[in-house]
Amino acid sequence: MSDIRNNWTKEEVLEIFNKPLLELVFEAASVHRKYHNPREVQVSSLISIKTGGCSEDCGYCPQSAKYHTDVKVHKLMEVEEVLGQAKNAQAGGASRMCLGAAWREVRDNSDFDRVLEMVRGINEMNMEVCCTLGMVTEEQARRLADAGLYAYNHNVDTSEEHYGDIISTRTYKDRLDTHQHVRKAGVTLCSGGIIGLGETEQDRIGMILTLANQEKHPESVPINALVPVAGTPLENQERVSIWEMVRMIATARIVMPKSVVRLSAGRLEMSKEGQALCFMAGAGSVFAGDKLLTTPNPAQNEDRELFKILGLTPTEPFMKGEKPEVKMSYKESTKKKELVEKVQAWKEEMAAAKK
Ligand code: SF4
């Protein structure tokens, strides 16, 4: 019988989740070795292309306009600036570029056209492109797919039962509807959640069940530890322990064997040994760069050192799926000739550096 299932029961997941920790890690490591190369870690770089001023009220997020935090509102970045950052991330070993905009949903306007140009440009640099732009319609997801989008991130955050305590401006169903739109457009799905939001163990299981019982598991499952930010409703939440992260990662690994489980926010608080245990438990991806949207993250040189100690190497792009074909060429769509030439020159530079 295939061990890829989407009919997990709460009891089964609870039993896995509550195994003695070392037994759980061993089982997760065995599953990881069956479906993934344990010596490789996929590295993503996440940038905030439009920061703050969001109309949603996610209780953990400093970018909500409803809270008073230190986050500076920043309008949508220029295409050239984003491509420049992608180039640096690629040179640092990142195979995926994630673009995050603090929007409730995508609107069909010139800002969206600009994001499509960013997607095309990064795809042409031979990087996987992921966007997290809030809710999308099926048509918008298709336009992103046509621009060469590889993945769309839309986290479920927590269980359906706990969701209303964290966010009141949209429903759990809204989240799942966007998942459907992304799937229909043929884009891979990145969806996970955050622990440390005041949820119970049942909520953690509920979140994993939502993902593991989807018709197709998300190709990428980020597991975040809350980084409490002053000014948000969750500013005084206690930080989760490394053991809780390991348990979440290992359980996600076992019930969604083919998905890439991403050790996401909260790494700065973790020791090297703690992160090593997360990799052992099946984490196959991290975010690189000293910032995750607006919260701090380990610097690139620290990650390089950690990878060296553990004998890990960053994966090449498109190891788990085909490079999306760009249906509307970036070259055709942009009016900025210099930008096209620059992207071409970067591609040649990167190809030469690899020889
Ligand atoms: S998490 Fe996203 S949708 Fe929620 S407030 Fe922050 S930017 Fe807005």
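In which loop is the place of phenylalanine 318? Phenylalanine 318 is placed in the loop between S12 and helix H12 (330-333), where helices (H or I, at least four residues) and strands (E, at least two) are DSSP runs numbered from the N terminus. The model is a predicted one, in which local features need pLDDT of at least 70 and side-chain atom pairs count only at pLDDT 80 or more, whereas totals for chains, interfaces and linings use all residues. Residues are numbered from 1 along each chain as its sequence is written.

Phenylalanine 318 has a positive phi of about 60 degrees although it is not a glycine. Most residues other than glycine have a negative phi. With 15 other C-beta atoms within 10 Å, phenylalanine 318 is partly exposed; a residue is termed buried if 20 or more other C-beta atoms lie within 10 Å of its own, exposed if 12 or fewer, and partly exposed in between, the C-beta atoms being placed from the backbone. A positive phi, of about 70 degrees, is also found at aspartate 157, which is not a glycine and which belongs to the loop between strand S4 (151-153) and helix H6 (160-166). Aspartate 157 counts as buried because it has 23 C-beta neighbours inside 10 Å.

Strand S1 (residues 40-50) has ten of its eleven residues buried, so it is largely enclosed by the rest of the structure. Pairing, which requires that DSSP finds at least two bridges between two strands, links S1 to S2 (residues 96-101) in the parallel sense over six bridges, with leucine 46 opposite cysteine 98 in S2. S1 and S9 run parallel and are joined by four bridges, and here serine 45 stands opposite alanine 288 in S9. Two bridges join S1 to strand S12 (residues 313-314), again with the strands running parallel, and glutamate 40 faces threonine 313 in S12. Together with helix H3 (residues 79-91), S1 and S2 make a right-handed β-α-β unit, right-handed meaning that, with the strands pointing away from the viewer, the path from the first strand over the helix to the second runs clockwise.

Within helix H3 lies leucine 83, which counts as buried on the basis of 23 C-beta neighbours inside 10 Å. Apart from residues up to four places away in sequence, leucine 83 touches Gly121, Ile122 and Val343, contact being defined by C-beta atoms, placed from the backbone, that lie within 7 Å. Leucine 83 and leucine 339 are 256 residues apart in sequence, and their C-alpha atoms are 9.1 Å apart in space.

When neighbours within four places in sequence are left aside, leucine 99 is in contact with Ile47, Ile49, Val82, Val115, Met118 and Cys131. Isoleucine 249, found in helix H9, is buried, with 27 other C-beta atoms within 10 Å. Its contacts, not counting residues up to four places away in sequence, are Ile223, Val261, Leu263, Cys278, Ala281, Gly282 and Ala283.

In helix H10 (residues 272-280), the buried residues are Gln275, Leu277, Cys278 and Phe279, and what covers them includes helix H2 (21-35), S1, H9, strand S8 (260-263), S9 and helix H11 (300-310). After H10 comes glycine 282, whose phi is positive, near 115 degrees. Glycine 284, in strand S9 (residues 283-288), counts as buried with 25 C-beta neighbours inside 10 Å, and, residues up to four places away in sequence not being counted, it touches His36, Val41, Gln42, Val260 and Val261.

The shell around the ligand is formed by Cys54, Glu56, Cys58, Cys61, Gln63, Ser64, Ala102 and Gly134, a residue being near a molecule if its C-beta atom, placed from the backbone, lies within 6 Å of it. These residues divide into four nonpolar, three polar and one charged, where Ala, Val, Leu, Ile, Met, Phe, Trp, Tyr, Cys and Pro count as nonpolar, Asp, Glu, Lys and Arg as charged, and the others, Gly among them, as polar.

Methods:
Two residues are in contact if their C-beta atoms, placed from the backbone, lie within 7 Å.
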